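Please read them beside the coordinates.

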Number of protein chains: 2
Amino acid sequence: MDKLLTNSPVIILVEPQMGENIGASARAMKNFGLSELRIVNPRDGWPNPKAQSMAVGAVDIVDKALVYNSLPEAVADIEYLYASTSTPRDMNKDYVLSRNLKIDLSGLVKTAIMFGRENCGLTNDEITLANRIITIDTAKFCSLNIAHSVAIVCYEIFQQQFKGDDRPDLTNSQQPATKEELSYFLNHLVVTLEQKNFFKVPQKKQQMSRNITNIFSRIDKLSKTELQTLMGIVNTLTKK
Amino acid sequence: MDKLLTNSPVIILVEPQMGENIGASARAMKNFGLSELRIVNPRDGWPNPKAQSMAVGAVDIVDKALVYNSLPEAVADIEYLYASTSTPRDMNKDYVLSRNLKIDLSGLVKTAIMFGRENCGLTNDEITLANRIITIDTAKFCSLNIAHSVAIVCYEIFQQQFKGDDRPDLTNSQQPATKEELSYFLNHLVVTLEQKNFFKVPQKKQQMSRNITNIFSRIDKLSKTELQTLMGIVNTLTKK
């Protein structure tokens, strides 16, 4: 049983509270062949001895984890982002159940999966950044321990290699745009729309911006070239 | 997501060392619709406040857990017993991989799954009592946190009910835009871009229009409302 997962996705913990959960998540990652951990604003600072102690044989993953001050920085180079959440949100974004998960393991698309805080998960703004939502189907009591969520998702990714040949098709040969590049475009769009008085009701600006982010985040495998096209469209439309 | 698992198997923890792991196991059980926990000789005695605290919403499972002095007593009424172990043993007993698990949920066979100690798992003598072994397929680092093992096995039991049914994943609730509506938007966009001299090289117009259609056609489940937002964006950007 010496199977290695090549091109495994990145796991991102967003504002985790307990070092124990960071360590337990790292251990589960290593059990299932994942290796790259990123952490956004861990509550108790970093490094955290409790994380190292709970990681057991996966202390290397904890030691080389990257820590970020904000989620946009943590996902800057990511090309396909999943948000793991147990609560269906009133948001126009597709869910995939963990048992049907088909992560790209070809290495062509830099993929990450983010998990939220122990007490309240991910915010709607954070989920908006994702291409897709992963939901673990549960009984009525749906509040999963965060490290259990990480363990189950990593487990499914590892098992996926052995379930038939269900790797997703990769027909788009163009280089994918990163989340940072998309974010740059979206900022430009929102600023331009604001100048044009698109957000007539100031209280609704945040929600409307979120809707716009959500629409463009769901373009399947948006390439760098296509993002340039979108930028060109916005600039052309704005011309007098 | 209010699914109940009827006739769910019993989970047996054999000489667990840390109360936290007992509580985390109970939580995972409840997440996946299991309810009956048995504990053989917990190292730190019983009841254990750490188990109750880690159980969160599953404290009822901890509180009604039965504690035994020996494994034979704990399995006395069990008709089919699984042993969960990550280490292949030199023993003439069938293995089933967790991803292929098919537990009897009919209620006709009283079933239990036992998990061993944090530091050394189950002894060969204990495994001998089992009808079958469950193994969670892992990467080289196969030492799973005990509560993660419980979580993954309970997860597989719960998912088992839904495997083979082609129920679609949960999707967003907004009404999807039709291809005709999208086409109307795209025509409007291309005409507007043409007026603004976006297609500087006439021979390339067709290919560029096709690229634009391609980008917007790949937005995963674009809704009518979102299409209106896109239309609003184009019209706003075009305003003088």
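1. B:Asn197 sits in the loop between α7 and α8 of chain B; helices (H or I, at least four residues) and strands (E, at least two) are DSSP runs, numbered from the N terminus. B:Asn197 is not a glycine, yet its phi is positive, near 65 degrees. With 46% relative accessibility, B:Asn197 counts as partly exposed. On this scale buried means under 20% relative accessible area, exposed means over 50%, and partly exposed lies in between (1.4 Å probe, protein chains only).

2. On provenance: this is a predicted model, in which local features need pLDDT of at least 70 and side-chain atom pairs count only at pLDDT 80 or more, while totals for chains, interfaces and linings use all residues. Residues are numbered from 1 along each chain as its sequence is written, chains are lettered from A and ligands numbered from 1 in the order in which they are written, and side-chain values use heavy atoms, with hydrogens and water left out.

3. A positive phi also occurs at A:Val56, where the value is about 50 degrees although the residue is not a glycine. A:Val56 belongs to the loop between α2 and α3 (59-63) of chain A. Its relative accessible area is 46%, so A:Val56 is partly exposed.

4. Cis peptide bonds deserve a check. A:Trp46 and A:Pro47 are joined by one, with omega about 0 degrees, and A:Pro47 is in the loop between β2 (37-40) and α2 (49-55) of chain A. In chain B, the bond from B:Trp46 to B:Pro47 is cis, omega being near 0 degrees; B:Pro47 lies in the loop between β2 (37-40) and α2 (49-55) of chain B.

5. Two packed helices are described by the angle between their axes and the distance between the axes. Within chain B, helix α7 (residues 179-195) packs on helix α8 (residues 205-217) at about 140 degrees, the axes being 11 Å apart. Axes are lines fitted to C-alpha atoms, for helices over the stretch in contact, and angles run from 0 to 180 degrees between N-to-C directions. α7(B) is therefore oblique to α8(B); angles under 35 degrees count as roughly parallel, over 145 as roughly antiparallel, 65 to 115 as roughly perpendicular and the rest as oblique. The crossing of α7(B) and α8(B) is right-handed, where a crossing is right-handed if the near helix is turned clockwise from the far one by less than a right angle, and left-handed if anticlockwise. Among the residues making the contact are B:Phe185 and B:Leu189 of α7(B), and B:Ile212 and B:Phe216 of α8(B); contact means heavy atoms within 4.5 Å. The residues of this contact divide into eight nonpolar, three polar and three charged. Here Ala, Val, Leu, Ile, Met, Phe, Trp, Tyr, Cys and Pro count as nonpolar, Asp, Glu, Lys and Arg as charged, and the others, Gly among them, as polar.

6. A:Leu189, A:Thr192 and A:Leu193 of α7(A) meet B:Ile233, B:Thr236 and B:Leu237 of α9(B). Four of the contact residues are nonpolar, two are polar and none is charged.

7. At 9% relative accessibility, A:Lys179 counts as buried; this residue lies in helix α7 of chain A. Beyond four places in sequence, its contacts include A:Glu79, A:Leu129 and A:Ser217. A:Thr178, in the loop between α6 (146-160) and α7 of chain A, is buried at 12% relative accessibility. A:Thr178 touches residues including A:Asp77, A:Glu79 and A:Lys224, with those up to four places away in sequence left out.

8. How many residues has the largest nonpolar core? It has 73, and A:Ile11, A:Leu37, B:Ile11 and B:Leu37 have the most contacts inside it. A nonpolar core is a set of buried Ala, Val, Leu, Ile, Met, Phe, Trp, Tyr and Cys residues joined through side-chain atoms within 4.5 Å. A second, separate core of 39 residues includes A:Phe216, A:Met231, B:Phe199 and B:Leu230.

9. B:Met114, in strand β6 of chain B, is buried, with a relative accessible area of 0%.
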